[in-house]
Amino acid sequence: IPSDGWVGMARNARQAGTQTLIVCDGIGKYVQGGSVIDVTDTDFGTPLDVACVGNHFVTIDASGYLRASEINDATDWDNIAIAGAQANPDGGMRVLARGKSVLAFGPRSFEEWAYSGADSGLPFQFQTATDIGCYAAGSVIAAPIVTKDLVTSSIAWAATDQYGSFAGVVLLDGTSPRKISSHSVDRDFRRCADPSTIRASAYTMDGHSYIAWTIPDETTWVYNTATNLWHEQLSYGYDHWRVGSICVIGNTVLAGDRASPTLYRIDGDVHTEGSDPHVMTIQTPTLHAFPDPITMHQVYLDCATGVGLNTTTPADLDPMVSMSISRDGETFGNEISRPLGRQGQTKKQLSWSGLGQADHRGAWFKFSASAGVVRSFMGASIRATKGRA
């Protein structure tokens, strides 16, 4: 498809010859029986995205118009099966299936259209409109939600307010978007030079569901729905996670590389990323005694030890964890390493002493491990005194 914009895909439920419709920047093609075929119906329009609800393909265009195909037929579009999602005339960006409804997203609002099954015209009926829009088409994701109390699904996206200004990352609770992003996450979204490049993905593993947003040239932020916590996910040598899309088939989580035609299988028992190390880093909050300086005598790391492998790879045989200190909140000093313990050496205690002093700004500690072994940092503590030694 000769375009580099957002690509929308959906498939129908034909018993013979299932069709997958692909749209991008007004271009439409469908895959059937191994062939890629152009949509030639003149009533197809120029869609930006597609979903499938009630076995109808539903598209949205830049003007906010919804169009529906005939049931289970990507080739047949009626010129009266159209309606405008224009309670707020802000245009269209994305369309997403939610149960028996369609959610239509614009840059300053979103609308819900419920399936009516009407024999004539658009088989969807307008329900509600909310003046919360979409900041980036690729940020919208239908995601699994796993908490300690329930397993369900929802829609998440980078949202805007009624004026089109970025408002944060939200999760749809019923018909009400609930903000889930922190100030750090919001800052990186706002710094994105081209919001159209933002991409979202989601998956579930080991009783936790994760929603990831990659912001090129910034980072990848991942939200854990079970803990309501965020973390950054970076690939070795990149400023973001190299995974661009994720597909879950049964219990297998497949991930596609953003930069190469490579597929990965995400496995919680594998601690590398392809042939690259997967570096785990924890950074502490500020330790200070403002307005006084502090003298740092010894810092302790509570972590899993004795995790070395029975291997000939030195880094995995005798894995290490490194510690570095920042005294200005920006630059970190030299790394000092301690062994995590070879296989079975579970009684090791990790500590660093003679750490010097920090002024009224305090100190920040960073712990990192890159070996392809189990890494679990549970906490850290420090022995320090106020004032200079």
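In this predicted model, the second largest pocket holds about 1200 Å³ of space. Its lining is made up of 35 residues, and those nearest the centre of the pocket are W6, M9, I141, S245 and I246. Sorted by class, the lining of the second largest pocket comprises 21 nonpolar, eight polar and six charged residues. Several strands contribute at least two residues each to this lining: β1 (8–11), β5 (47–53), β9 (94–98), β14 (141–146), β18, β22 (243–249) and β23 (252–257).

Two of these strands, β22 and β23, are also paired with each other. The pairing is antiparallel and runs over six bridges. Within it, C247 stands opposite L254 of β23. The two strands β22 and β23 make a hairpin, with two residues between them. In the turn of this hairpin, G250 has a positive phi of about 65°.

The largest pocket has a volume of about 1800 Å³. It is lined by 45 residues, of which H231, E232, Q233, H278 and M280 are the closest to its centre. The elements that supply two or more residues to the lining of the largest pocket are α1, β18, β20, β21, β24 (263–266), β25 (272–273) and β27 (280–283). By class, 20 residues of the lining are nonpolar, 15 are polar and ten are charged.

One of the residues with a partner in β20 is A212, whose bridge partner is V222.

A further residue examined was F367, which is located in strand β32 (residues 364–369). F367 has a relative accessible area of 1%. Residues under 20% are counted as buried, so F367 is buried. Leaving aside residues up to four places away in sequence, F367 touches M280, T281, I282, T284, V299, L301, V321, S322, M323, W352, F377 and A380. Among these contacts is M280, which is also one of the residues closest to the centre of the largest pocket. From F367 to T204 the separation is 163 residues in sequence and 27 Å in space, taken from C-alpha to C-alpha.

For the protein chain as a whole, there are two helices and 33 strands. The C-alpha trace spans about 80 × 50 × 40 Å along its principal axes. The chain has 389 residues, 44% of which count as buried. Of the contacts in the chain between residues at least 6 apart in sequence, 52% join residues at least 24 apart.

Notes:
Residues numbered from 1 in each chain as written. Predicted model: local features only at pLDDT ≥ 70, side-chain atom pairs only at ≥ 80, totals over all residues. Heavy atoms only, no water. Pairing = 2+ DSSP bridges. Helix = DSSP H or I, 4+ residues; strand = E, 2+ residues; numbered from the N terminus. Buried < 20%, exposed > 50% of the residue type's maximum accessible area, 1.4 Å probe, protein only. Contact = heavy atoms within 4.5 Å. 1 Å grid on protein atoms, 1.4 Å probe; cavity = no way out; pocket = protein on both sides within 12 Å on 5 of 7 lines; lining within 4 Å. Points joined across faces, edges and corners; volume = space filled by probe spheres on them. Nonpolar A, V, L, I, M, F, W, Y, C, P; charged D, E, K, R; others polar.
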